[in-house]
Amino acid sequence: MMDALRVVDVSEADLDSVWEVRLRSFGPGGDKDEWRKDALRFIEDGRYVGVADGAVVVAAARIWPFQQWWGGRRVPMAGIAGVVVSPEYRGRGVGSMLMRGVLQRSVEMGCPLSGLYPATTVLYRHLGYEFGGGRYKFSFQSSDLRSLGGKGVTLRKAGREDAQLVIDLASKVHEGRRSNGPLIWPLAQVESWLEDETNFAYVADDGFVVYNWSEQNLSVDELIAGSEETTRALWTTVGSGASIARTVHAYTPPTDPINLMAEHEADSTANVSRWMLRLLDAPAAIAARGFASGAALEVDVRIDDPDLPANTADWHLSVADGSGSLTSAQQSGDALRLGPRGLAALYAGTPLNTLRSAGLATGPSTADQAIDTAFGGPTAYMLDFF
């Protein structure tokens with residue numbers, strides 16, 4: 001019975017039950033001891049949420065403490081991962097119960113945003129998530145990359161001790177590009193990747209690359225460069241494996257300069273995985289985000305958010321000098337009306353005309369162009385799956 005189900009913190013004693021649910025949800029795969037070791041880190045600071053029936057956990061999800069770039073500024077973001085529900089409990093509202101517990105815990109963590117990669121959009125849209133952007137995977141001929149130049153740039157191997165440097169280099173580039181969507185992982189996770197002998201990492205004064213083998217090809221996880229010469233040098237380093245690897249798969253922004261440098265265009269079957277976004281604390285999310293520097297905006301907005309009622313109110317949205325604010329306002333008949341899905345999509349740069357056509361925005365359209373300009377910018381993307 002649903003009355004017996006309750007949201008709980010997953011404990012170490014629950015991990016055998018969660019592992020079984022995971023196997024039934026995702027199939028066999030991975031090392032249980034490594035999974036358990038990783039899970040304990042989430043348990044330690046209350047980032048593993050579950051639903052229990054009596055003493056048995058029948059659904060669970062993890063929360064990553066990310067930061068995400070929006071308009072070239074860092075915004076705390078709760079990354080939801082490993083969402084599992086035991087098969088016999090599906091279709092009974094357990095997934096919704098779990099995610100409502102996850103939303104509340106994410107708010108308690110102080111995250112104004114939440115993001116995830118959906119196995120199905122139905123559940124998450126019901127709870128206010130909407131598509132925010134994509135994860136783009138392009139494939140290039142490695143022989144195209146090995147001759148791009150950059151021989152004057154000094155590169156060195158990167159290790160665990162370079163983790164903060166890597167984060168700082170990426171931050172400088174994302175600030176300059178006014179990036180939307182890329183993640184900042186916790187320092188300990190970056191350290192772990194850089195000490196993994198299956199990853200090959202090189203760093204320059206203004207950039208770095210992390211890549212690895214993918215069967216008989218190479219795969220670039222991230223390449224950040226602050227100049228043309230460093231861009232060329234890093235891609236040339238990856239392409240130097242052309243005698244073995246015919247293809248280089250790369251996770252990059254859709255407008256990455258490599259698309260303008262490589263002699264042959266990327267494989268036409270580029271892969272895109274879409275991810276979803278939700279605002280948890282609307283005023284905090286607006287205050288943390290960067291906006292187009294030339295945009296100026298004063299508009300009333302009505303938000304209706306049934307699952308996070310603190311967002312439900314009449315607001316005044318103000319944007320100027322690259323910053324924004326959302327403050328309490330008197331009820332207005334001329335307000336733009338948004339639910340959580342429309343608000344998330346707008347935050348991610350979706351034009352209001354698109355939202356209106358989808359039924360996700362209503363109200364006066366006189367400020368639409370100014371709103372689109374304020375929230376517009378580079379296409380939102382992530383490099384990482386979680």
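I began with helix α13 (residues 368–375), which lies across β14, β15 and β17 (336–338) and runs at about 95 degrees to β14. Contact means heavy atoms within 4.5 Å. Axes are lines fitted to C-alpha atoms, for helices over the stretch in contact, with angles from 0 to 180 degrees between N-to-C directions. Helices (H or I, at least four residues) and strands (E, at least two) are DSSP runs numbered from the N terminus.

The model is predicted: local features need pLDDT of at least 70, side-chain atom pairs pLDDT 80 or more, while totals for chains, interfaces and linings use all residues. Numbering starts from 1 along each chain as its sequence is written, and side-chain values use heavy atoms, without hydrogens and water.

Next I traced the sheet. It is open and mixed, in the order β16-β15-β14-β17-β18; pairing takes at least two DSSP bridges. β16 (323–328) and β18 (361–362) are the edge strands. I found β14 (297–303) antiparallel to β15 (313–320), joined by seven bridges. Arg302 stands opposite Asp314 in β15.

Then I looked up cavities (sets of points on a 1 Å grid over the protein atoms alone where a 1.4 Å probe fits but cannot get out; lining residues have an atom within 4 Å of a point). There are three of 30 Å³ or more, volume being the space filled by probe spheres set on the points, which are joined across faces, edges and corners.

β14, β17 and α11 (340–347) each supply at least two lining residues.

I noted Arg177, Asp256 and Tyr381 among its lining residues.

Note on methods. On a 1 Å grid over the protein atoms alone, a cavity is a set of points where a 1.4 Å probe fits but cannot get out, and a pocket is an open set with protein on both sides within 12 Å along at least five of seven lines; lining residues have an atom within 4 Å of a point.
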